[in-house]
Amino acid sequence: MQIHTPDWVKHAVFYQIFPDRFARSVPPHQKWLLDVPLEDWDAPPTFHGYKGGNLWGVIEQLDYLQDLGINAIYLNPIFSSASNHRYHTLDYYQVDPLLGGDEAFASLLKEAHRRNIKIVLDGTFNHASRGFYFFNDLLENGSNSPWLDWFKIEGWPLAPYDGSRPANYASWNDHRALPEFNTNHPGVREYIMRVAEHWIQLGADGWRLDSADYIKTSGFWQEFRDRVKAINPEAYIVGEIPLEASQWLDGTQFDGVSSLPFLIATTAFVVGDRQVKGHFKEYAPPPPIDAAGYGDKINELLQLYPWEIQLTQLNGINNHDTARLIDVAGGDRPSLYLATLLLFTFPGAPCIYYGDEVGLTGGYDPDCRKAFPSKEEWKRDILEYHRQLITLRHTHAALRIGEYQTLYAEGQIYVFARILAEEVLVIAVNAGNETAEVSIQPSWHSLAAASASEPNQVLFTYGSNEVNWSGEAAQRSLNFTLAPRCGLILG
């Protein structure tokens with residue numbers, strides 16, 4: 001079977017936006033959006049408070065994102081919801097009024113597409129909110145509700161708010177605010193498919209699918225893909241699958257997944273024993289690994305799925321569910337720099353979690369969902385670092401679709417190449433605390449065109465690093481002197 005994934009994703013740099021916290025602005029006729037009770041923008045976020053970020057604010061920041069080099073936006077949920085994160089969906093056919101409603105979304109699509117920026121939506125289809133109309137009818141009418149079989153009812157009475165009694169219905173992770181759909185029911189299945197079609201027809205460029213592995217119904221995601229792709233063959237379908245995802249990446253379901261294995265391996269290598277916490281509150285930090293261990297994990301990951309799908313994975317070093325990497329590393333800035341370097345040189349679409357590019361910090365939820373800082377608080381060196389790496393990724397196709405080859409992995413030194421026909425780029429990272437000298441005889445010739453020239457120009461460097469070639473003909477050696485906790489790209 002030939003696997004087809006959206007070509008644009010292979011060349012995308014994503015930016016993940018948590019809408020309530022990124023930016024807020026309103027046109028005069030929607031002034032009321034900022035006249036409701038809101039948390040102070042700069043105050044620490046709370047679990048239930050709203051800061052009033054909205055889609056009008058996102059529109060105002062599109063020029064900033066375009067200038068940074070962003071060409072795709074992944075929005076956390078935007079549908080009507082009684083939660084600031086909006087994973088508790090009330091109405092799948094309405095953009096939340098607090099975000100500006102359908103009018104703001106239509107304007108966002110228009111302005112983003114005018115700048116050649118794609119918009120990917122976040123869909124929660126395993127479960128809805130206890131305020132979802134169909135479930136609310138069930139609360140009102142009990143077993144007489146027409147929607148009785150749409151949910152997984154286990155007994156009576158239902159208790160959606162009283163924690164002292166059994167809920168009597170299945171819910172996501174036993175969170176009674178989130179009743180699970182019965183996706184085996186043909187009506188539920190058709191409803192979700194039509195929701196997916198609706199927003200693609202309106203111009204959305206794809207779906208990120210929350211808790212996708214919770215839906216076990218046979219053929220569900222195959223039908224989802226068929227119906228979405230029938231409207232837009234280049235729509236991106238990416239599932240939230242925490243770890244190994246082979247069963248979903250056979251070419252008939254998802255184009256990619258959000259890859260925690262990359263995040264975990266990269267943190268274990270570049271942060272190492274500097275970790276003061278795990279990315280997730282429930283789990284201890286991953287044990288530190290050296291370069292050889294990192295190379296093993298990365299190459300195992302790259303062998304898991306077909307190459308066409310590797311190129312459309314959604315990779316990141318943070319997201320809305322994790323402590324930010326700078327916090328995981330106890331404030332160690334080189335950890336952030338090295339992880340970002342590895343992210344932007346790895347196969348798959350890199351995704352920046354809003355604020356990472358200006359040094360925004362944040363621990364566990366809700367702290368990882370702080371409001372985007374004012375310009376006065378931006379860490380300009382971190383912003384420039386991101387800008388340079390994004391520019392290089394857009395400039396060099398080898399960083400986007402080139403083959404990946406590990407060249408050296410010993411101690412804390414990891415060196416690899418991205419190879420596409422005549423273009424060879426070499427990336428070297430020293431995650432250790434001492435200056436290191438490394439000499440290698442490259443073996444990329446089997447992947448590079450015969451006319452490929454030796455990479456000899458430092459395209460990017462973090463730290464005072466040196467590189468040169470020595471020797472003759474087949475015995476040529478590439479020699480690095482790498483400063484502690486530093487890295488470079490050679491092209």
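Author: We go through ring pairs, charges over rings and cavities in turn. This is a predicted model, where local features need pLDDT of at least 70 and side-chain atom pairs count only at pLDDT 80 or more, while totals for chains, interfaces and linings use all residues. Residues are numbered from 1 along each chain as its sequence is written, and side-chain values use heavy atoms, with hydrogens and water left out.

Reader: How many aromatic pairs does the structure hold?

Author: Rings of Phe, Tyr and Trp (its six-membered ring) pair if their centres lie within 6.5 Å; planes under 30 degrees apart are stacked, over 60 edge-to-face, and the rest tilted. The structure holds 49 such pairs.

Reader: Where in the chain do Y92 and Y191 lie?

Author: Helices (H or I, at least four residues) and strands (E, at least two) are DSSP runs, numbered from the N terminus. Y92 is in strand β4 (residues 89-95) and Y191 in helix α7 (residues 186-201), so the pair links distant parts of the chain, 99 residues apart.

Reader: Why is Y92 called buried?

Author: Buried means under 20% relative accessible area, exposed over 50%, and partly exposed in between (1.4 Å probe, protein chains only). Y92 is buried because its relative accessible area is 1%. Y191, at 13%, is buried too. Another edge-to-face pair is F135 with F151, at 5.1 Å centre to centre and 75 degrees between planes. Both F135 and F151 are buried.

Reader: Which residue lies over the face of W8?

Author: A charge sits over a ring if NZ of Lys or CZ of Arg is within 6 Å of the ring centre and within 35 degrees of the ring normal. K118 lies over W8, 5.4 Å from the ring centre. R324 lies over the face of Y354, at 5.1 Å.

Reader: What lines the largest cavity?

Author: On a 1 Å grid over the protein atoms alone, a cavity is a set of points where a 1.4 Å probe fits but cannot get out; lining residues have an atom within 4 Å of a point. The lining of the largest cavity includes I317, F344 and H386. Elements giving two or more residues to that lining are α13 (333-344) and β10 (349-353).

Reader: Which residues line the second largest cavity?

Author: Among them are N318, R324, L325 and D356.

Notes
On a 1 Å grid over the protein atoms alone, a cavity is a set of points where a 1.4 Å probe fits but cannot get out, and a pocket is an open set with protein on both sides within 12 Å along at least five of seven lines; lining residues have an atom within 4 Å of a point.
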